[in-house]
Amino acid sequence: MAKIGVFICHCGENIGAKVDCTKLAAAMGEHPGVAVSVEYKYFCSDPGQESVKRAIRDNNLTGVVVAACSPRMHEATFRKACAEAGLNPYLCEIANIREQCSWVHTDSDQATEKAMDITRSMVEKVKRNNKLQPIEVPVTRRALVIGGGIAGIQAALDIANAGQEVVLVEREPTLGGHMAQLSETFPTLDCSQCIMTPRMVEAAQHPKIRLLTYAEIESVDGYIGNFSVRVRMKSRYVDIDKCTGCGDCITKCPAKKISSEFDCGLGKRTAIYTPFAQSVPNIPVIDKANCIYFKNGKCKICAKTCQCDAINFDMEDTFEDLEIGAIVVATGFQVQNNTMYGEYGYGKYPDVINGLQFERLASASGPTAGKILRPSDGVEPQTVVFIQCAGSRDPSKGVRYCSKICCMYTAKHAMLYSHKVHGGKTHIFYMDIRAAGKGYDEFSRRAIEDDEAAYLRGRVSKVWQENGKLMVRGVDTLLGRPVEIAADMVVLATAIIAQPDAKEFAKTIGIGYDEYGFYNEAHLKLRPVESSTAGVFLAGACQSPKDIPDSVAQASATASKVLALFSKDMLEREPVVATNNEATCAGCWGCVLACPYNAIEQKDILDRSGKVIKRVASVNPGLCQGCGTCVTFCRSNSLDLAGFTEKQIFAEVMGL
Amino acid sequence: MPMSETFEPEIIAFVCTYCTYAGADLAGTSRLKYAPNVRIIRLPCTGRISPMFILKALQKGADGVLISGCHPGDCHFTHGNYHARRRWMVFRALLDFIGIPPERVKYSWISAAEGVKFAEFINSVTEDIRKLGPFEQYSQLIEQTQAPASL
Amino acid sequence: MSIEEQYRTRAKELLSGGAVKMVIGYGKGSTSDRRRPLFISSTDEVDRLVLDDACIQNLSGYLVSEGLLSDEKRVAVFLRPEGIRAINILAAESQLDAEQIVIFGFDVIGTEVKALKGIHVEEFSDVINSIKKGAPEAKEEELFEKIEKMSPQERFSFWQEEFAKCIKCYACRQACPMCYCRRCIVDSNQPQWVNTSSHTLGNFEWNIVRAFHLSGRCVECGNCDRACPVNIPLRLINHRMAEEVLGAFDHFAGMSKTQEPVLASFKKDDSETFIL
């Protein structure tokens, strides 16, 4: 006989103000099989959980329904409480009467009625719940870090320094990511290269880190603790083992006028190249699209120059198959293309540049060796206008969100400019100055007070060229008047956006993403570095726009998650797996084909003499992920899914 | 039911936990408001949603049924939703041929990020089913099950 | 020599040489226009075999009788093209090893019986291909077209009237070569997905489930329709399903013995116009 306890949580006012919890408790108390039905202000609180435990013990409950917030919120909490009271945790279910009831309905009676249906349905389900035991699976103690920017490097180093193996995969020819492109960093103005390159070298030389550059993730299969990852090693046309990185080939390469991606188009590179002088590994790649040999079949000057015979034009992509226990995704961001703002003239006027391009101009290793010079004529600009939120916080043309770092880097740009060009004038059009962070507000004040950055609160409507000047027309909303500035250079604080292939990539690894392509965390506040897929963690700007301190902090957080995972020999997995009734299975194997995880095998049932008397399907619980696709396919109703059994769902529907 | 009262349809929804259920939660945390007519049954994946569930929802007296899960390519289980889509395609044709109007069984893809789409979907489906009115033909069948079989 | 005689001779040869242990064919029925299945395992009985235009039953279902093929010996069977397609499906669904099946293929055009060349199922792929090509153009039955033109309410009423007659005898299931499950979903009572009482709701559910389970698997042999003691036009539902999987997924049931079941496979670009 079922003895179900129903615990109705008010969640303070969140549920209690809309749903008549007293009425709900009374109605559930009348329901067949319900032994206890009580309400309380906060069941998730310590005394709340204690009262659930006491009720389980005092009444010998056979099942528990907590009518409260979403199971995605507190299912784990209450299942743990049940286990502590001696009740199998899988005999506890959550009736979601907050997110899917009290918060979304206006009429109190209707909300109460719906809450009753939801709770009753759950009571009927829980009556048919089975005691389940977690499944233990082994853990491969090797982490994969995808992305070799600062976040990826930090995560890799932290994991490796704790003694665990790491494979660090970067799709560009070198580590470094966006941080390597930056000049100086706010709020301390230390040189980005100076703090970045040692970390790159450390990662490359670390005995526990295997570095795969110019490589991309081809496929990811498996599950937490047991991923199989295939990596495509793109052909560099340079033998990484033979090359010494002397750079002779680069000097001799006749194709010299290729726009440098690393310099954001402000500098040139050769066809065989390293993105920048401090590249790690310092091994060039041949850019097939621009190589004279690949285009015309003649040249091979690099091969002739190379003393080590490292150039190989016949090289083809190869694949590496990796066994991985945990994955850190640190794939970073891109900056938005500003040509969508036709009125700002980006792409039309060479002296309208974006923030990342300004970084290259200000960088000592950049195309101008750190001098701020106009791209059009190489002259030092005397007046520079910065336009903030060029794409961010603009639902009509750009993106709705704040890119977070632009206020700070624009203040930094103004500062760097005034340090480099004495007497130069800066004007900054802004919407708000968002300078929250340690030392950030002080930094932006310094730009204004010490370096005379002129902040104008308002938007720019148009930029045009007139008499060799860039005319910037905007509005100063604090003074309430239009402004026109004749500038020599305009810098747009471009929005940070997700990588263009972020969504496709998310599908490859099987994680969620938001409407912009930033990766979804399991819980914004409480599980910010975990993805919704167990064993896959998120670091850096692939999750949302971030500055360097935040990216590094998040990367270290993922490392701690990975290390916690690797601290166990066996992992416990939710026992939501399919099982097959071999007595009724017809052996049609449709399930074998339908299973996304190859978790169903064909099994022979033998008689005593070893003769096959029957062939049936058999589910490998280690591989099964519990989607239930096989169950739905099964015509003879032989397959079933623990936790979501046919009986349970039938009862849920009939209990409504 | 008096004619003056508007008909309030009963709708049962079967959703996957990773996308649509999470989207419904998001609608909640965003405090969006939508019609209270839908009761949700949470499943791990759309691949788990059996045509039998739809029949049982109708037997339970639902005037409409909703099915929703992750967008193609977004399935947490990589391709449960692709399998589901085929089944629905076939089952939908079957229901139509038997005379169960396809308008009463609605399908959608709603992601964890689409709280707004969820709320709008619930509202529009509730309105559509309200316009269709109660599923009287099916109610008759259900009533017959309670009466002794006629000779 | 008539086809009947040819096949009798061949059956005799196969049985006497031990190439097959049994021949499943047709024999005389209770009336002159009826044929009943005949299971022959000795050469003496071969002359009882009949092959004429009244041989319409699809005999493939007998092949999956418990234990028949488990000794790995061969069995010969008289099959029309639909029956041959059924062999492909049964093979694709691992219910039999196609190597064990020796086919006596025939087709009936008008009243004329025509032999189909071949012994093993893969030799009939041209025949099956040509049926598939003809399928979309084939003229629909009048009643089918009438139902298609009805409003949903009318269709519901039509089937309500038909299913009201159903006595849940499960003759349709018994006659169907595809209903080989050891336990049918209708026999599962934990939970009771399908109402077993033969009230109309239960009958609706049963016939819907059966049609769904046959989607992409039914070869439209008509066994169920003929077996139905209350004459429910079951063929029409199955035909609608066959039409659907052909149109939507280019799936024609029983094309080959390695054909993937349509509902256990998918394409990423499957149609989804109905999904909001």
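Helices of at least four residues and strands of at least two are taken here as DSSP runs, numbered from the N terminus. The model is a predicted one. On this basis, the elements of chain C follow the order α-β-β-β-α-β-β-α-α-α-α-α-α-α from the N terminus, which corresponds to nine helices and five strands. The radius of gyration of chain C is 20 Å, close to the 19 Å given by the globule rule for 276 residues, so chain C is as compact as a globular protein of that length. The C-alpha trace of chain C extends over about 60 × 45 × 40 Å along its principal axes. In chain C, 44% of the 276 residues count as buried. Of the contacts in chain C between residues at least 6 apart in sequence, 64% link residues at least 24 apart.

Chain C is divided into domain 1, spanning residues 3-134, and domain 2, spanning residues 142-251. The C-alpha centres of domain 1 and domain 2 of chain C are 26 Å apart. Contact between these domains takes 12 residues from domain 1 of chain C and nine residues from domain 2 of chain C. The side of domain 1 of chain C that touches domain 2 of chain C is made up, by class, of four nonpolar, six polar and two charged residues.

The secondary structure of chain A comprises 18 helices and 36 strands. Along the principal axes of chain A, its C-alpha trace spans about 90 × 75 × 40 Å. Of the 656 residues in chain A, 52% are buried. Among the contacts in chain A with a separation of 6 or more, 69% are accounted for by residues 24 or more positions apart. The domain assignment of chain A gives domain 1 (4-127), domain 2 (142-230 + 319-332 + 505-566), domain 3 (248-305), domain 4 (335-497) and domain 5 (578-655). The centres of domain 2 and domain 5 of chain A, taken over C-alpha atoms, are separated by 38 Å.

An open sheet in chain A is formed by four strands in the order β2-β1-β3-β4, with parallel pairing. At its edges stand β2 (34-40) and β4 (92-96) of chain A, each of which pairs on one side only. Neighbouring strands of this sheet are turned against each other by 15° on average, direction ignored. Within the sheet, strand β1 (residues 4-9) and strand β3 (residues 63-68) of chain A are joined in the parallel sense over five bridges, and V6(A) is placed opposite V65(A) in β3(A). Two helices of chain A lie across strands of chain A. Helix α5 (residues 108-127) of chain A lies across β1, β2, β3 and β4 of chain A, at about 160° to β3(A).

In chain B, five of the five residues of strand β4 (residues 105-109) are buried, so this strand is largely enclosed by the rest of the structure. In a regular strand, side chains alternate between the two faces of the sheet. Both faces of β4(B) are covered, with V105(B), Y107(B) and W109(B) buried on one side and K106(B) and S108(B) buried on the other. Strand β3 (residues 64-69) of chain B runs parallel to β4(B) and is joined to it by five bridges. V65(B) is found opposite V105(B) in β4(B).

Chain B touches both chain A and chain C. The contact with chain A involves 38 residues of chain B and 41 residues of chain A. On the side of chain B that touches chain A, the elements giving two or more residues are α1 (20-29), β2 (38-43), α2 (51-59) and α3 (80-98) of chain B. The largest share of that side, six residues, is contributed by α1(B). By class, the side of chain B that touches chain A contains 19 nonpolar, 10 polar and nine charged residues.

The contact between chain B and chain C takes 33 residues from chain B and 32 residues from chain C. At least two residues of the side of chain B that touches chain C are supplied by each of α2, α3, β4 and α5 (136-146) of chain B. With 13 residues, α3(B) gives the most to this side. The side of chain B that touches chain C has, by class, 20 nonpolar, eight polar and five charged residues.

Notes
Residues are numbered from 1 along each chain as its sequence is written. Chains are lettered from A and ligands numbered from 1 in the order in which they are written. This is a predicted model: local features need pLDDT of at least 70, side-chain atom pairs count only at pLDDT 80 or more; totals for chains, interfaces and linings use all residues. Two strands pair if DSSP finds at least two bridges between them. Axes are lines fitted to C-alpha atoms, for helices over the stretch in contact, and angles run from 0 to 180 degrees between N-to-C directions. Two residues are in contact if their C-beta atoms, placed from the backbone, lie within 7 Å. Ala, Val, Leu, Ile, Met, Phe, Trp, Tyr, Cys and Pro count as nonpolar, Asp, Glu, Lys and Arg as charged, and the others, Gly among them, as polar. Domain bounds come from an automatic or database domain assignment. The radius of gyration is taken over C-alpha atoms; the globule rule is 2.2 Å times the number of residues to the power 0.38. A residue is buried if 20 or more other C-beta atoms lie within 10 Å of its own, exposed if 12 or fewer, and partly exposed in between; C-beta atoms are placed from the backbone.
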